[in-house]
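Biologist: I have not looked at this structure before. Could you show me how to read its features one at a time?

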Amino acid sequence: METLPASSCSLVLLENTEKSPLLMSNGGSHPPAAAANVSLVEGSGEGGGGACVGLDKKGGVVTRPKPGYPERETWTRQMDFIMSCVGFAVGLGNVWRFPYLCYKNGGGVFLIPYMLIVFVGGIPIFFLEIALGQFMKAGSINVWNIAPLFKGLGYASMVIVFFCNTYYIMVLTWAFYYLIKSFNSVLPWSTCDNVWNTPSCIEAFHHQQCRNSSLANITIANNMTCDDLANSRSPVIEFWENKVLNISPGLDVPGSFHWELMLCLMFVWVLVYFCVWKGVKSTGKIVYVTAIFPYVVLVILLVRGVTLPGAYDGIMYFIKPDWSKLQEAQVWIDAGTQIFFSYAIGLGALTALGSYNRFTNDCYKDAFILALINSGTSFFAGFVVFAILGFMANEQGVDISQVAESGPGLAFIAYPKAVSLMPVAPLWAALFFLMLLLLGLDSQFVGVEGFVTGILDLLPQYDHRYKREISVAICCLLCFIIDLSMVTQGGMYVFQLFDYYSASGMTLLWQAFWECIIVAWVYGADRFMDDVARMIGYRPCPWMKWCWSFITPCVCLAIFLFHLINYKPLTYNNVYVYPWWGEVIGWCMALSSMLCIPVSVLYKLFRAKGTFKERWAHLTTPVWGAHHLEYMAPDVKDLALISPGTDDIIILRECHVVWAPPIPEL
């Protein structure tokens with residue numbers, strides 16, 4: 001193992017020896033001797049840490065200066081970790097994407113492919129990312145010291161989460177803007193009397209009045225006839241497109257800034273900054289509000305929704321099974337991509353959250369609890385959304401399929417339209433957009449936390465008092481500057497580019513595929529199972545190992561290839577087609593993360609010395625951290641060890657050292 005910069009402990013060699021006095025596991029199975037189970041290396045193998053190595057040949061004390069590596073924070077309570085994961089993984093995708101996919105793909109039948117992929121893809125990778133962070137005690141980059149050749153996977157996740165942090169906050173900005181506008185006696189998107197409305201705007205148009213073709217030329221409202229229906233526009237659509245977006249003709253026409261949105265964007269970024277700047281100690285407290293309150297609002301909205309006329313029809317439309325859908329490949333693809341989106345896999349943030357756990361935390365049990373909460377929230381949100389959409393369809397006299405939408409269309413068009421039809425509309429609008437804001441807020445600040453954690457792990461030698469605060473400020477400011485392009489008249493086109501390419505299904509699937517391959521086939525699935533057993537005290541179900549080794553990579557690769565084969569150019573509202581240079585920008589964003597892995601592998605192999613076999617062996621040797629073995633006796637500072645194969649005695653001073661427990665048997 002290569003010698004690294006010094007750490008804070010010293011070694012005393014009492015008997016001189018020419019043999020290596022203490023060896024770490026360098027790629028084989030865990031050594032049985034207690035001495036060999038002691039970790040001496042801390043940090044990164046690329047200048048990012050230290051090692052208690054380098055003995056005085058004269059048998060004296062080798063004392064090395066303490067460079068000031070701060071001890072890694074841990075959650076104040078384990079529930080802080082649970083709530084942070086709930087806040088991050090349970091987000092807008094559960095509320096505005098899952099219900100739509102469920103009704104679109106056969107109602108209750110969709111749960112069959114969904115739950116199947118949960119167990120073959122979602123939970124295994126979710127558990128893998130949390131366990132990796134907890135075992136390596138590092139963020140999304142240094143966690144891949146487990147196989148340093150593939151450290152590019154960490155850089156890829158950093159690129160993806162940076163893109164997500166940049167564009168995802170726009171949803172919070174829009175939600176905050178709508179929340180402010182909800183504090184009016186009359187909702188501004190419920191009338192056609194505003195300066196942004198056009199002559200084709202119509203407030204209430206009951207479609208059943210036009211079902212008789214003989215009434216085609218009869219005036220219904222606002223001097224409009226049934227023949228004019230196709231060209232009419234709802235005030236909620238005009239508020240969204242003309243007031244909120246003030247959308248330009250295309251990507252090549254950025255237009256002017258929307259100053260109200262810019263102020264909302266600035267406020268949300270300031271809010272995120274003060275949620276993250278002090279680390280997990282403060283984040284763990286804030287997340288109780290941001291994670292729990294949306295559930296309170298969901299329950300309130302469900303109780304209100306089921307009392308509305310048409311709610312039963314909406315709910316039945318949501319869950320009514322259509323068994324023929326199981327034969328369609330798209331149903332299975334939608335189930336797979338929804339899992340990766342809603343479980344927040346491949347972003348590195350789960351790894352960062354896991355790194356703040358105690359070494360002995362039962363992350364295996366946590367993974368199943370969090371998966372149950374995530375998927376349960378998605379299904380529960382479906383009842384809330386479709387109860388309201390059923391009421392909306394009943395009021396307008398149309399089929400539910402005509403009002404059911406996904407993504408921003410549900411959050412900022414369909415649902416605002418529905419609440420505008422309710423009594424005391426401002427109250428329900430304020431509750432809904434407050435829920436959206438909090439759902440997105442905890443996902444946002446945990447994403448920022450994951451990005452900053454990865455950056456700080458690369459800079460352990462800089463022990464500035466305000467290192468974290470400055471890093472978070474720079475991250476937020478940089479993202480804010482990029483976000484300015486999304487509060488212009490052409491901002492929606494920029495937002496869609498980020499959403500469609502930078503953190504698309506393809507990039508997340510590519511990331512998840514390589515995570516499984518590296519852990520299962522480079523580091524070793526059995527070996528990682530042993531590591532997990534040392535942490536939690538028992539072996540996880542062998543199903544996890546089989547998934548990491550075979551099933552999950554195959555699922556990821558199959559869905560990835562399907563996406564690639566069926567790729568369609570990006571459009572806005574199925575009307576505006578992006579120019580070729582817009583497509584090029586999008587693919588550059590996608591490839592900026594995907595190419596991190598192969599490029600870094602080739603770069604490291606090219607720079608290493610020796611034969612290919614020697615380079616591979618050297619670059620796939622894990623770089624351990626001293627914190628791996630702090631979990632049983634953290635107060636042990638000095639420890640006497642007998643070197644394997646010799647009678648030499650070695651004293652380790654000022655190190656957190658412990659005997660690793662035996663690997664539990666099944």
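Modeller: Start with exposure: a residue is called buried under 20% relative accessible area, exposed over 50%, and partly exposed in between. Cys588, at 48% relative accessibility, therefore counts as partly exposed. Cys275, at 6%, counts as buried. Keep in mind that this is a predicted model.

Biologist: How far is the sulfur of Cys275 from the closest cysteine sulfur?

Modeller: A disulfide needs two cysteine sulfur atoms within 2.5 Å. For Cys275 the closest cysteine sulfur belongs to Cys476 and lies 9.9 Å away, so the gap is too far for a bond.

Biologist: How many disulfides does the structure hold, and which cysteines form a disulfide?

Modeller: The structure holds one disulfide. Cys192 and Cys201 form it, with 1.9 Å between their sulfur atoms. The angle about the S-S bond is -70 degrees, and the link is left-handed. Cys192 and Cys201 are both buried.

Biologist: Where in the protein chain is confidence lowest, and where is it highest?

Modeller: The general idea is that where pLDDT is low, the predicted coordinates should not be read in detail. Here the protein chain averages a pLDDT of 78, and 77% of the residues score at least 70. Confidence is lowest in strand β4 (residues 61-62), with a mean of 32, and highest in helix α19 (residues 580-594), at 94. Over residues 1-69 pLDDT stays under 50, and the model has 160 contacts beyond four places in sequence for them. Residues 628-663 also stay under 50, with 97 such contacts.

Biologist: How many residues of α16 are buried?

Modeller: Ten of the twelve are buried, so α16 is largely enclosed by the rest of the structure. Among the buried residues are Gly491, Tyr493, Phe495 and Ser502.

Biologist: How should I read two residues on one helix?

Modeller: An α-helix has 3.6 residues a turn, so residues three or four places apart point the same way. Trp510 and Trp514 are four residues apart in helix α17 (residues 505-536), about one turn of the helix. As for ring pairs, the whole structure has 56 aromatic pairs. Trp510 and Trp514 form an edge-to-face pair, 5.9 Å centre to centre with 70 degrees between the planes. Trp510 is partly exposed, with a relative accessible area of 22%, and Trp514 is partly exposed, also with 22%.

Biologist: Which residues have the most contacts inside the largest nonpolar core?

Modeller: That core has 197 residues, and those with the most contacts inside it are Trp174, Trp240, Phe412 and Phe528. Helix α5 (residues 152-181) gives the most to this core, with 20 residues. Leaving out residues up to four places away in sequence, Phe412 touches residues including Trp96, Trp174, Trp240 and Phe433.

Biologist: Is Val268 buried or exposed?

Modeller: Its relative accessible area is 1%, so Val268 is buried. Val268 is in helix α7 (residues 259-276). Beyond four places in sequence, Val268 touches Ile169, Leu172, Thr173 and Phe176. Sequence distance is a separate matter: Val268 and Leu441 are 173 residues apart along the chain, while 8.4 Å separates their C-alpha atoms.

Notes. Residues are numbered from 1 along each chain as its sequence is written. This is a predicted model: local features need pLDDT of at least 70, side-chain atom pairs count only at pLDDT 80 or more; totals for chains, interfaces and linings use all residues. Side-chain values use heavy atoms; hydrogens and water are left out. Helices (H or I, at least four residues) and strands (E, at least two) are DSSP runs, numbered from the N terminus. Buried means under 20% relative accessible area, exposed over 50%, partly exposed in between (1.4 Å probe, protein chains only). Contact means heavy atoms within 4.5 Å. pLDDT is the predictor's confidence in each residue, from 0 to 100. Rings of Phe, Tyr and Trp (its six-membered ring) pair if their centres lie within 6.5 Å; planes under 30 degrees apart count as stacked, over 60 as edge-to-face and the rest as tilted. A nonpolar core is a set of buried Ala, Val, Leu, Ile, Met, Phe, Trp, Tyr and Cys residues joined through side-chain atoms within 4.5 Å.
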